[in-house]
Amino acid sequence: MTDFQDRRGVAVVTGGTGGLGTAICRMLAERGAGVALTYRSDQRAAENLVAELVEGGGVAAADRLDLTDASQSKLYLDSVVERFGAIHTLVHAAGPLIPQVHLSKVEPADFAKHLAAEAEAFFNVVHAALPALRASRGSIVAITTAATHRYPVRDGLSAGPKGAVEATARALAAEEGRFGIRVNCVGPGMLTDGMAADLMASGDLDERALEVTKRNIPLRAFGSAQDIAEAACFLASDRAKFITGQKLDVDGGYGV
């Protein structure tokens, strides 16, 4: 596919070194997009990914960015436009590792921290990108969670803040459509990659919990980062040119 081959400028991917962000960067590049990715701390992973994309014939760059800093986010997006001429896509795939814990055990300060890392960060980067996206009549895709549709117990630190991201995305879709901007969300279900893999490795999700989760999925399987990348790239492409304000859960049917 060459969905983005004729697009001027680049796609910006926040959280580009995460399991989902990396898969999204690779698929965007495969389909003709230049990629400007951000990362929080893993500089080596960012450099390796950029080298991989460039060696594959693409255009790529990586920058460290604190998305909770609005002024830093604006400086970054302005610099991307200056370097690459335009931004045609923004995929927000950044987010903190979220422990599985009952909300009754979450301190208010911790909940506020997750709200900042999710909802505030999303708004900061979108607000800074809007002028460029209006100019390109571009697309925004936010990677959220299937848990905002069907809630799994102990996932409130994810579902609550990401629910705010989804509400903000719908509001932006309603307000920015007149400028040609489309805004959609992808809701990952249980995956073998990304945050789910980290929770498995840490023991936060044990074998018993994984088996119960699998039985609750009609397809009786977990998804992959590739499944999420496929959905995100579709929604960002002109194949989805009449789709905005929507959320596509990629969850094996968990939410039905």
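**Figure 1. Overall dimensions of the predicted chain.** The chain has a radius of gyration of 17 Å, which agrees with the value near 18 Å that a compact globule of 256 residues would have; the radius is taken over C-alpha atoms, and the globule rule is 2.2 Å times the number of residues to the power 0.38. This is a predicted model, in which local features need pLDDT of at least 70 and side-chain atom pairs count only at pLDDT 80 or more, while totals for chains, interfaces and linings use all residues. Residues are numbered from 1 along each chain as its sequence is written, and side-chain values use heavy atoms, with hydrogens and water left out. Along the principal axes, the C-alpha atoms fill a box of roughly 50 × 40 × 35 Å. The chain holds 8 helices and 7 strands, which are DSSP runs numbered from the N terminus (helices: H or I, at least four residues; strands: E, at least two). Of the 256 residues, 46% are buried, where buried means under 20% relative accessible area, exposed over 50%, and partly exposed in between (1.4 Å probe, protein chains only). Among contacts with a separation of 6 or more, 75% are accounted for by residues 24 or more positions apart; a contact means heavy atoms within 4.5 Å.

Figure 2. Strand β4 (residues 87–92) is largely enclosed by the rest of the structure, because 6 of its 6 residues are buried. Strand β1 (residues 10–14) pairs with β4 in the parallel sense over 5 bridges; two strands pair if DSSP finds at least two bridges between them. Within this pairing, threonine 14 has histidine 92 of β4 as its bridge partner. β4 also pairs in the parallel sense with strand β5 (residues 139–143), over 4 bridges. Here histidine 92 stands opposite alanine 142 in β5. From β4 the chain crosses through α4 to β5, a β-α-β crossover that is right-handed, meaning that, with the strands pointing away from the viewer, the path from the first strand over the helix to the second runs clockwise.

Figure 3. Isoleucine 140 of β5 is the bridge partner of leucine 90. β5 runs parallel to strand β6 (residues 182–188), and 5 bridges join them. Serine 139 stands opposite arginine 182 in β6. Together, β5, helix α5 (residues 156–176) and β6 form a right-handed β-α-β unit.

**Figure 4. Asparagine 124 in helix α4.** Asparagine 124 belongs to helix α4 (residues 108–136). Its relative accessibility is 10%, so asparagine 124 counts as buried. Residues up to four places away in sequence aside, asparagine 124 touches Leu67, Thr68, Asp69, Ala70 and Ser73.

**Figure 5. Threonine 22 in helix α1.** Helix α1 (residues 19–30) contains threonine 22. Threonine 22 has a relative accessible area of 14% and is therefore buried. Its contacts, not counting residues up to four places away in sequence, are with Gly16, Thr17 and Leu49.

**Figure 6. Threonine 192 in the loop between β6 and α6.** Threonine 192 is located in the loop between β6 and α6 (194–202). With 43% relative accessibility, threonine 192 counts as partly exposed. Glycine 223 is 31 residues away from threonine 192 in sequence, yet their C-alpha atoms are 6.2 Å apart in space. Leaving out residues up to four places away in sequence, threonine 192 touches Ala197, Phe222, Gly223 and Ser224.

**Figure 7. Charged side chains over phenylalanine rings.** Arginine 134 lies over the face of phenylalanine 179, at 3.8 Å from the ring centre. A charge sits over a ring if NZ of Lys or CZ of Arg is within 6 Å of the ring centre and within 35 degrees of the ring normal. Lysine 214 has its charged end over the ring of phenylalanine 222, 4.9 Å from the centre of that ring.
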